[in-house]
Amino acid sequence: MTNALPYPALHASHSGIWICSVDGETRAIGKGEAIGRVAETPHILLNAPLLGQRLGYPDLSGLDLLELFAFIHPAQFIVPTPAGLAKTLGLTPPDQEADIAALYRQAATLLLEGLKAPYWKEREGAWSSAQALYRLRWPWAQEVGKQLEKPAQAERWLFSKLDEWEEEAPRPAPRSITVDKPETLATLDALTGEGSEERQGQKNYAAAVTQIFNPRKIKGAPNMLLAEAGTGIGKTLGYLAPASLWSRQAGGAVWISTFTKALQRQLDRETRRIYPDEETFRKKVVVRKGRENYLCLLNLEDALQGGFAGRAAILAHLVARWAAYSKDGDMVGGDLPGWLTTLFRRNGATALTDRRGECVYAGCPHYRKCFIEKAARASQQADIVIANHALVMVNAARGREQQNPPTRLIFDEGHHLFDAADSMFAARLSGQETIEIRRWVIGPETKNRGRRRGLAARLADLASYDEEGGRAIESARHAAEALPGDGWLQRIGEGEPSGPIEALLHEVRAMVFARDESQSADAGYGLETELTDVEGPMIDAVANAATAMDALLKPLVRLGQRIEHLIEEGPDWMDAPARARMEGALSSLGWRRDTLSGWLSLLSRIGGPADPDFVDWLMIDRYEGREYDVGICRHWLDPTIPVTEVVTKPAHGVMITSATLKGGGGWETARARSGAVHLAHAPQEFEVASPFDYPNQAKVIIVTDVKRGDMAGLAGAYAQLIEASGGGTLGLFTAIRRLRTVYARIADRMAQSGLPIYAQHVDPIDTGTLVDIFRDDPKASLLGTDALRDGVDVPGQSLRLVVMESVPWPRPNILHRARRLAGGGTAYDDRIIRARLAQAFGRIIRRADDHGHFVILSSAFPSRLLSAFPEGTPVERMPLEQALAEIRKAKSEMPQSGLPTETSLMHDNRQ
Ligand code: SF4
């Protein structure tokens, strides 16, 4: 079939461009010729947006192998690189870049031939989907169509194929029991497996965790444990052992909350040891995420039936293929390949989830198959619920999960609790936020808004039955017209605001521009100013905005009361689905009411005395000079106060654990950052050091001769360090601009050395996929910012060098300034930096046989921060040349499997 495929293939990297003709001949070509050819004839390629970026031709399109893979093997993992593709298809990854274009033709042939294979698992639905994609002119549709035979019987449509959830009786409250320590250790032994190495630290940890499962003695005073467990002690199994034991014996659920997707994936793997049988596992362990992560079937149906056009419609069909085979419908970090939506430049993907809270619950024809409802119901019966910090807080704050509120909570990656709470409990009265409420109340105001409907349409039956409810809806609709509408940003920029809220935002914007002292004005990034000394027109604008908000809040409150009344009254027409819909409406109404109340309270304080519990400021969100949002922000000075009230105190047992809970400081840091200081009684504290031999496995090098602000020097240092290490480098930056500059300066050089380099904020690839690519290739290096500091779990040789461009000082914004003042000035900053250093350092040694260097390119690194690194870790200040020599030596002493040798580098250099 190879000869039959009438398409050439194209591959481009920083080191060259190659084309493989339909006769199988490969030759190197120039950029101009490549662009001309792809514009003329469809080419087989891999990752069109990335290729387009490499060629400087962003609109590039063609026969993308990743799209074909997503059609044929939906919900299957693949590393989206030539080597990843080759490995998945059982082909030999090419040694030389020049051979990659030919590989693409071979891969396309294999994939297409697979469509005829009798063992192809994902056949159902493919024929119908291919027909629809043909009508949408999907480039692969013709070739796919040639291979697929029309099924003898009509295929089941996705929405009839998915399982329905079953209603189950509410679970009784868990029994009050004590978890036996010897039994916990026996469970741990069973989980770690016979013959595994003896880990005393893990055993002590597991025994300590049992105390959070003891019966609570006083209401509002949970059994609380703060536990710092160094990397490598086997923390997850350490807490899963007592958690699974308690769950089994008490009949309750343990919620495990994480911050990163990497840990969620790890927990998904490790909980399988507790429930090896797949069916039991699916019942006992449930991953819960915020609803905006899941595919909304109703939105998908709209998209498939004409709501989306062009490329977005093609994406919708590929997502529908995936939905039929997905484990849980999670579009973000689940089994939908992270790269799929980026292939479509994110066009349409967010509209497939329920981001705007427009769910119609039981009024939805797919309610019984809805992924969100399924996950919520499954978690009510599960033993282990894997969630994230934001969801746990949102559920608690909005009174969800009332039927089975979590009584035992384990916050892993607990060092992120403070930041998660900071976002969750903040108020932001901005253009973007207010327009969302307007849309939620009024519904579509322009053509072509799919099925989005306003409050009146969603609650039509209530309005026709209950006159007062109907009047409340009408008043709310009328009042919502005072909120910003489409085009608000332009209007306030031009000084022509419409309505009281836009008028307020106009004043805010003017005040920020007048007062900002952050020196960001020229850089094109966010601007802010404190909310003090407000007078004149601003005070008037605030008063008018508050009146308008109050006019909206009142009918919403009234409407909520009418719905409650209706649910209690239970009229004849209100069957179970209608009741569920009313309950759903009540919950989304409650959330909007709370938001409006929060804004009103924020406005009421403007011009008055400052509240010491809060930090208020005005801001303009910008990115590269373009404004995105304008508004007023309010954060808790200490966001652990609300977390303690709504999450911790109502629970019976809570553990907050992390490898860096103390953040390189003492227990007082852990107590303050976890909110334990707000409890009436002191928490239990437990600590176990990492079993790794840091003095022999790792070294910290502070490079003394890269001058601050010397971008050429910084880029040169990165390039040399990556070369010395032969790749396997994680480069961490504190500013996106510097990251981009360094990447732009070194990308070609790295490619010439045969060392692929990827970068967050540069490559059109999502962060999770970038980490997958990095993990898969020991020669690859990855540059990134904050999210990579502790979201990367790459054991083994793929990560052997971490390079930090500078000391990760906190951004000196208004919020930080206030917390610094309250938290002890320099000592507060030092705690934050130590925590960041400890997290970044923690990326290097993930296993007992890992070795690596941690390099900081800043001679001004203060010695007082060195306590961030594990005790005994050697630290040395030295010039770059000496650092390079050490890293080269370390590389030469490592096992060479998969690492580039000097010879192969020379060979690659000649390409
Ligand atoms: S129930 Fe709600 S979220 Fe689920 S598919 Fe229907 S509209 Fe979407």
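The shell around the ligand, in this predicted model, comprises nine nonpolar residues, no polar residues and one charged residue, where Ala, Val, Leu, Ile, Met, Phe, Trp, Tyr, Cys and Pro count as nonpolar, Asp, Glu, Lys and Arg as charged, and the others, Gly among them, as polar. The residues surrounding the ligand are Arg291, Cys296, Leu297, Leu298, Cys359, Val360, Cys364, Tyr367, Cys370 and Ile372 (a residue is near if one of its heavy atoms lies within 4 Å). Local features need pLDDT of at least 70 and side-chain atom pairs count only at pLDDT 80 or more, whereas totals for chains, interfaces and linings use all residues. Residues are numbered from 1 along each chain as its sequence is written, and side-chain values use heavy atoms, with hydrogens and water left out.

Helix H10 (residues 200-209) packs with helix H11 (residues 235-250) at an angle of about 40 degrees, their axes being 8 Å apart (axes are lines fitted to C-alpha atoms, for helices over the stretch in contact, and angles run from 0 to 180 degrees between N-to-C directions). The contact (heavy atoms within 4.5 Å) is made by Gln202, Tyr205, Ala206 and Val209 of H10 and by Lys235, Leu237, Gly238, Tyr239 and Pro242 of H11; by class, six of these residues are nonpolar, two polar and one charged.

Seven strands form an open sheet with parallel pairing, in the order E19-E20-E18-E21-E22-E17-E23 (helices, H or I, of at least four residues and strands, E, of at least two are DSSP runs, numbered from the N terminus). The twist averages 20 degrees from one strand to the next. Within E18 (residues 729-732) and E21 (residues 801-804), parallel pairing extends over four bridges, pairing requiring at least two bridges found by DSSP.
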